[in-house]
Amino acid sequence: MNTFSEIIGQDIIISHLQNALRTGGVSHAYILNGAKGSGRHMIARSFSAALLCDNPRQEGELLEPCGECLSCIQTEAGSNPDLITVEYEKESSIGVGDIRRMRADVRIKPYSAAHKIYIIPDAEKMTPAAQNALLKTLEEPPSYAVIFLLADGTSTFLPTIMSRCVTLPLRPVAEKAVEDCLKERFGADADRARLCARFSGGSIGRAVHLLENDDFATLREKTITLLRKIEEADASELASFAKEAAGQEQTQDLIDLILTWNRDLLVCRASHSTENLIFTDEVQYIIEAAHRTSWKGLQTASEAVFRARRRLFSNVNAELTLQMMLLEIRAAYRMQTPAAGHPGAG
């Protein structure tokens, strides 16, 4: 069962919801605004479990569900009749029919608890018509109804929806906290935990996904192998690598990996230290490459990656964008320092 003690890095939201539990000042509608994997579902379900629990108990400073009453057993099993996750027909949008079915259910009083809770995943997908249908419930909600809208951004919401909900924005979790979570809860080794935390964007869910994703581990190894020899790689090899990454929809992970690799080279060159490197298993090569490549080369490589990221956000052809980026990085890494004895060193 989800509990508040499992939630990491969202102290403000926890404090707000805990206060609502203690005082009875529960709002009829909340927007949990955060990216996928940020913990929106865990927060909604932790609050729901505690609110529906017959005998909530104090654990330290937190009011938690007891985990033993019938309500808690049903919540854990996903069969609590007073906790409903709204389903919708189309994957791309939530239509007016979906919300009307929910509204019809809202009129039915709770089966056993004092509240009846509705969780709407991906609520930003609601069409304007669906939002107007929901608005009728938000304007005159039954006293027992609590609605959670889980959203990745609020720009698609009508102002009237926003004005009738308490918006709770989820914050990115500190990288160190993500790393510690992966080690303590999921048994990740230190190097893997640090790498996944670095690429998580402050999302525990994404970090866990990366930790358990064999495709990411494979991409990491392939990317490192390429970067170690990119100065000597020919154009066809780079084109083949770009095609494979784009075909497997791994462009964002590839961008993050290359940025982190180049970041390690810059840190090593600037500090003459390996203490703060992410790719700790590649220390010896990073030391050699960092001092072989010129400052200008390392900066140019970073600029190439950021430029590729902007193009990808603009929906430019992913394969061609990655291919151009790799060619630019190859040229940048060939800009060696005078000490490396390379013709044309910069």
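Which residue in E6 does Ile 120 stand opposite? It is Leu 149, and I'd like to start from that pair this morning.

A quick word on the model first. This is a predicted model, where local features need pLDDT of at least 70 and side-chain atom pairs count only at pLDDT 80 or more, while totals for chains, interfaces and linings use all residues. Residues are numbered from 1 along each chain as its sequence is written, and side-chain values use heavy atoms, with hydrogens and water left out.

So, strand E5, residues 116-120. When I say helix or strand, I mean DSSP runs numbered from the N terminus: H or I of at least four residues for helices, E of at least two for strands. Five of the five residues of E5 are buried, so the strand is largely enclosed by the rest of the structure. Buried here is under 20% relative accessible area, exposed is over 50%, and partly exposed is in between, with a 1.4 Å probe and protein chains only. Lys 116, Tyr 118 and Ile 120 point one way from E5, and Ile 117 and Ile 119 point the other way.

Now the neighbours. Strand E4, residues 83-85, runs parallel to E5 and is joined to it by three bridges; two strands pair if DSSP finds at least two bridges between them. Ile 84 has Tyr 118 in E5 as its bridge partner. To get from E4 to E5, the chain passes through helix H4, residues 96-106, in a right-handed β-α-β crossover. Right-handed means that, with the strands pointing away from the viewer, the path from the first strand over the helix to the second runs clockwise. E5 also pairs with E6, again in the parallel sense, over five bridges. Here the chain crosses through helix H5, residues 128-139, and this β-α-β crossover is right-handed too.

Gly 153 lies between strand E6 (145-151) and helix H6 (159-163). Buried or partly exposed? Gly 153 is partly exposed, with a relative accessible area of 24%. Leaving aside neighbours within four places in sequence, Gly 153 is in contact, meaning heavy atoms within 4.5 Å, with Asn 33 and Glu 124.

Another loop, between helix H1 (11-23) and strand E1 (29-33), holds Ser 27. Ser 27 is buried, at 17% relative accessible area. A polar atom of its side chain lies 3.1 Å from the backbone oxygen of Ala 29. Not counting residues up to four places away in sequence, Ser 27 touches Val 146 and Val 166.

Let's move on to helix H8, residues 190-199. Its buried residues are Ala 193, Leu 195, Cys 196, Ala 197 and Phe 199. They pack against helices H7 (175-186), H9 (204-212), H10 (214-228) and H12 (251-271). At the N-terminal end, Asp 189 caps H8, with a side-chain oxygen 3.2 Å from the backbone nitrogen of Asp 191. Just after the helix, Gly 201 takes a positive phi of about 65°.

Last, the cysteines. How many disulfides does a search of the whole structure find? Zero, taking a disulfide as a pair of cysteine sulfur atoms within 2.5 Å. For Cys 181, the nearest cysteine sulfur is that of Cys 196, 12 Å away. Cys 181 is buried, with a relative accessible area of 4%, and Cys 165 counts as buried at 10%.

Thanks, everyone!

Definitions and conventions. Polar contact = N/O pair within 3.5 Å; in protein donor to acceptor, adjacent residues only side chain to side chain.
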